[in-house]
Amino acid sequence: YINQDDETDHPTRPPLLLLQAKILLPLRRPGVGKGTYAKLLRKDLHFNHISTGDEIRKILKGTVAPTFNKDLIEEVRGIVKAGGLVRDDIVASIIKEKVNEPESAKGVILDGFPRTKGQLEAYQKLFPIHGVLNITLKDDILLEKLMGRRTCVNCGTGFNICDIQR
């Protein structure tokens, strides 16, 4: 449990529970820092950081691993080309592909999954839950962070102009 409102909850090393986990799920509202914590934990734990949004973008750009399921690639591309949203079962299949890659042997941090009850149900059919990170943040700071999000028009990199260090 990470409470960004309390300065004492920021250990310098991951808790033992996280070190024993194989699949971690950072959960909470958009903007709370799930992706940021996932990237930090990736470095500390040497886990594969899997962001469902990034994986769908890789599929669309054609930059997934050559071993990635070709039928799944075509299905995702077809849905997005038609203007649809990728269904929960397909998102779960993408996660399954990524978890089976060699980079995921030590463990994975799932960023952006599950987002819906359907995705959670699909996940529970595929994998056990080893660890959940519940990240909290005061509403006013969360809103400030969300309002400060920007994307570079040249390269597409996301960044934030907000300073929440208080």
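Because the model is predicted, local features were considered only at pLDDT of at least 70 and side-chain atom pairs only at pLDDT 80 or more, whereas totals for chains, interfaces and linings use all residues. Residues are numbered from 1 along each chain as its sequence is written, and side-chain values rest on heavy atoms, with hydrogens and water left out.

Glu55 is located in helix H3 (residues 52-61), where helices (H or I, at least four residues) and strands (E, at least two) are DSSP runs numbered from the N terminus. With a relative accessibility of 3%, Glu55 counts as buried, a class defined by under 20% relative accessible area, with exposed meaning over 50% and partly exposed lying in between (1.4 Å probe, protein chains only). When residues up to four places away in sequence are not counted, Glu55 is in contact with Ile50, Val64, Ile94 and Lys98, contact being heavy atoms within 4.5 Å. Glu55 and Ile95, 40 residues apart in sequence, have a C-alpha to C-alpha separation of 8.7 Å.

The buried residues of H5 are Ile90, Val91, Ala92, Ile94, Ile95, Lys98 and Val99, and they pack against strand S3 (48-51), H3, helix H4 (70-81), strand S4 (108-111) and helix H6 (117-126).

Within the largest nonpolar core, of 23 residues, Ile94 and Leu110 touch the most other members; such a core is a set of buried Ala, Val, Leu, Ile, Met, Phe, Trp, Tyr and Cys residues joined through side-chain atoms within 4.5 Å. At least two residues of this core are supplied by each of H3, H4, H5, S4 and H6, and the largest share, 6 residues, comes from H5. Another core, of 12 residues, lies apart from it and includes Val32, Phe47, Ile135 and Leu142.

Ile129, in the loop between H6 and strand S5 (131-136), is partly exposed, with a relative accessible area of 40%.
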